[in-house]
There are 2 protein chains.
Amino acid sequence: MVTKTTAEHDTKVVLLDAGMHLMLQKGYSNLGINEILQVTKVPKGSFYHHFDSKESFAVAMINHFDSHYAAEVFATLSNMSRTPLERLRDYCESSKSVMAKHGCRHGCLIGNLSQEMSSQSETLRRELFKVMSHWRQMFADCIEEGQRIGEITDERSAYDLAEFFYASWNGAITLAKTTKSTEPLDIFFEMMFEDVLRPNSIAQ
Amino acid sequence: MVTKTTAEHDTKVVLLDAGMHLMLQKGYSNLGINEILQVTKVPKGSFYHHFDSKESFAVAMINHFDSHYAAEVFATLSNMSRTPLERLRDYCESSKSVMAKHGCRHGCLIGNLSQEMSSQSETLRRELFKVMSHWRQMFADCIEEGQRIGEITDERSAYDLAEFFYASWNGAITLAKTTKSTEPLDIFFEMMFEDVLRPNSIAQ
């Protein structure tokens, strides 16, 4: 019984891992369930044992992605050997490396699905909103810490800065995909870390 | 003969207009050619008389959108009764009104297609890149004018500022779609026009 439950759990994780990988490459609409089944060699019946539909699979996948990726983001943003501003930069540098490694093709699964599906599925929009709010809060906490030690401007709220940071980074990622170049990310680095987040020089 | 040519041209424009409208709502992959034919009452043969495939239709649609929308953007950005900074704000205000009118569902056709299709179709990516470069240049020209009269910071190049402006605005639009709120756009306004583009107060 334990073995069966473990095997079922494993199958679910195999499907979610493959789904994340394929959806990052192809988007939601371009990816069929059959392709996930072919890649994973999981029978259709097993898929529908775990998920009612492609949409419910995507919901599980978004949460699966969040629980894994958010742990990485959190680890970067709470690395006490680095200052808050350095941690934010580490996060972006790490994402930039992944983008560069894949020829600026993939982007971010949450950003991609948000752009593609927010207006198509209220169910997916709500899940994506939940994940985005979670990440924005992690950025806001880090920014607030930077504000407390005078490393980040306090002329705007940590919440507003986090939202602008997150939106602008996503926009730069999209532009990097279209231009097939990391230049938009480099410009983001310059503008965000040298100008936007920097404390006003008069106030220093 | 003239009538036939005009009718053919009209059919093409009818298809492109309907395609723009539907693709803005549904994205590329979620929209089938049959749906466009149903809405426009154009026979399938006529569609394939004008376009080889859905992809070549999308290429024509991107250029159709660009020639119409770019004219509007250009009119806003070259309105000499407003200062360069006011013109950039007018552009964003106008886009924000359209977003609000449609319940933050639609976003921008070029931004949507870039996110969805840049990694799926090299043909579409190239067209989208061309359009984005065109718009960025219009923003850069306006920003450069603002720099000349001291209304916009000259600590960064007009090109870099334009790229950051455009990427961040697209990112804010995506976030507005996912949050179903204009709040990310309002935060963009605050950050971009009050902080990023503003000349450094020491330098003034």
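1. Buried area is the accessible area, taken with a 1.4 Å probe, that two parts lose on being put together, summed over both. In this predicted model, chain B and chain A bury about 4500 Å² between them. Carbon and sulfur atoms give 55% of that area. Three residues stand out on one side: Gln115(B), Arg156(B) and Thr178(B) supply 16% of the area that chain B buries against chain A, more than any other three residues.

2. Start with the fold of one chain. Chain A has nine helices and zero strands. Along the sequence the pattern reads α-α-α-α-α-α-α-α-α. The C-alpha atoms of chain A fill a box of roughly 65 × 40 × 30 Å along the principal axes. Chain A has 204 residues, and 52% of them count as buried. Among contacts in chain A with a separation of 6 or more, 68% come from residues 24 or more positions apart.

3. Now the interface in outline. Chain B puts 53 residues into the contact, and chain A puts in 53 residues. The two chains share 19 residue pairs in polar contact, with both residues at pLDDT 80 or more. Five elements of chain B give two or more residues each to the side that touches chain A: helix H1 (2–26), helix H6 (109–117), helix H7 (122–148), helix H8 (158–179) and helix H9 (183–196). H8(B) gives the most, with 15 residues. By type, this side of chain B divides into 18 nonpolar, 19 polar and 16 charged residues.

4. How many salt bridges are there between chain B and chain A? The count is six. Over all chains, the structure holds 26 salt bridges. Side chains of opposite charge can pair when their charged atoms come close.

5. Look at Arg156(A). Its side chain meets that of Asp195(B) in a salt bridge, at 3.0 Å from N to O. Arg156(A) also meets Glu190(B) in a salt bridge, here at 2.6 Å from N to O. Arg156(A) lies in the loop between H7 and H8 of chain A, while Glu190(B) lies in helix H9 of chain B, so this pair joins two chains. Is Arg156(A) buried or exposed? Its relative accessibility is 18%, so Arg156(A) counts as buried, the cut-off being under 20%. Glu190(B) is partly exposed, at 38%. Elsewhere, salt bridges that share partners join Glu122(A), Arg125(A), Arg126(A) and Lys180(B) into one network.

6. Arg126(A) and Glu122(A) form a salt bridge, with the closest N and O atoms 3.6 Å apart. Why are these two separated by about one helical turn? Because they are four residues apart in helix H7 (residues 122–148) of chain A. An α-helix has 3.6 residues a turn, so residues three or four places apart point the same way. Arg126(A) is exposed, with a relative accessible area of 52%. Glu122(A) is partly exposed, at 30%.

7. Another pair sits within chain A. Glu86(A) forms a salt bridge with Arg82(A), and the closest N and O atoms are 3.9 Å apart. Glu86(A) is partly exposed, with a relative accessible area of 31%. Arg82(A) is partly exposed too, at 32%.

8. Helix H8 of chain A passes a simple length check. Its 22 residues, 158–179, should span 32 Å at 1.5 Å a residue. The end C-alpha atoms are 31 Å apart, which agrees. H8(A) is mostly covered, with 20 of its 22 residues buried. Just after H8(A), Lys180(A) takes a positive phi of about 50 degrees.

9. How many residues of H6(B) are buried? Nine of its nine residues are. Among them are Leu109(B), Ile110(B), Asn112(B), Gln115(B), Glu116(B) and Met117(B). Gln115(B) is also one of the three residues named in point 1 for their share of the area that chain B buries against chain A.

10. Last, a serine inside chain B. Ser95(B) lies in helix H5 (residues 84–101) of chain B. Its relative accessible area is 11%, so Ser95(B) is buried. Leaving aside neighbours within four places in sequence, Ser95(B) is in contact with Tyr69(B) and Trp169(B).

Note on methods:
Residues numbered from 1 in each chain as written. Chains lettered and ligands numbered in written order. Predicted model: local features only at pLDDT ≥ 70, side-chain atom pairs only at ≥ 80, totals over all residues. Heavy atoms only, no water. Contact = heavy atoms within 4.5 Å. Salt bridge = Lys/Arg side-chain N within 4 Å of Asp/Glu carboxyl O. Polar contact = N/O pair within 3.5 Å; in protein donor to acceptor, adjacent residues only side chain to side chain. Nonpolar A, V, L, I, M, F, W, Y, C, P; charged D, E, K, R; others polar. Expected span 1.5 Å × (residues − 1). Buried < 20%, exposed > 50% of the residue type's maximum accessible area, 1.4 Å probe, protein only.
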